[in-house]
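Hi,

Here is the structure I promised to pass on. Have a look first, and my notes on the inside of it follow below.

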Amino acid sequence: MKSAIREYTGKNIDLNKLADRIEEFFREQKFNVQRGNHPKGIVIQAKKEGILRTIFAADQALTVVISGDPNNVTVRIGVADWLKDLTVAAIEGIILTPLLWFFEIPESLWVFEIEHNLWKYIEEQLELGL
């Protein structure tokens, strides 16, 4: 399954504020979070620690890519490798490469729930006028 993509047009969205809110969402859910800014967009990665996650998906992270301009924003949510260093080159690689779902069945159900809750949260934040 490829990443989920939503586009928002004509909403005058502050991309940095949206990224801030998404980081808050993950931190409230007790995720480890990292963020990188690039001229083409913002990448946020979040992952949970734990023995089973370490064994089965040590380098995988829920990854959100925000790109565009305030009146034409694209948000992609998928799974990508956890990057130890969010350099400009690494961020560009994530922005330009489709994100993939890469988990076994129990993990994918958990990811699906988080993704569903994140989309709901993003929509609520946009309704509040970011």
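Let me start with Ile-66: neighbours within four places in sequence aside, Ile-66 is in contact with Leu-15, Leu-18, Ala-19, Ile-22, Lys-40, Gly-41, Ile-42, Ile-44, Val-73 and Thr-74 (contact means heavy atoms within 4.5 Å). Before the rest, some housekeeping: this is a predicted model, where local features need pLDDT of at least 70 and side-chain atom pairs count only at pLDDT 80 or more, while totals for chains, interfaces and linings use all residues. Residues are numbered from 1 along each chain as its sequence is written, and side-chain values use heavy atoms, with hydrogens and water left out.

Ile-66 turns up again in the largest nonpolar core, which has 28 residues; Ile-22, Phe-26, Ile-44, Val-64, Ile-66, Val-75 and Ile-122 touch the most other members. A nonpolar core here is a set of buried Ala, Val, Leu, Ile, Met, Phe, Trp, Tyr and Cys residues joined through side-chain atoms within 4.5 Å. Buried is under 20% relative accessible area, exposed over 50%, and partly exposed in between, with a 1.4 Å probe and protein chains only. Two or more residues of this core come from each of strand 1 (4-9), helix 1, strand 3 (41-47), strand 4 (60-69), strand 5 (72-81) and helix 4. Helices (H or I, at least four residues) and strands (E, at least two) are DSSP runs, numbered from the N terminus.

Now the rings. The whole structure gives three aromatic pairs; rings of Phe, Tyr and Trp (its six-membered ring) pair if their centres lie within 6.5 Å, with planes under 30 degrees apart stacked, over 60 edge-to-face and the rest tilted. Phe-25 and Tyr-121 make a tilted pair, 5.3 Å centre to centre with 40° between the planes. Phe-25 sits in helix 1 (residues 15-28) and Tyr-121 in helix 4 (residues 105-127), so this pair ties together parts 96 residues apart in sequence. Phe-26 and Phe-31 pair edge-to-face, at 5.2 Å and 65°, and both are buried. Ring pairs link Phe-25, Phe-26, Phe-31 and Tyr-121 into a cluster.

Cheers
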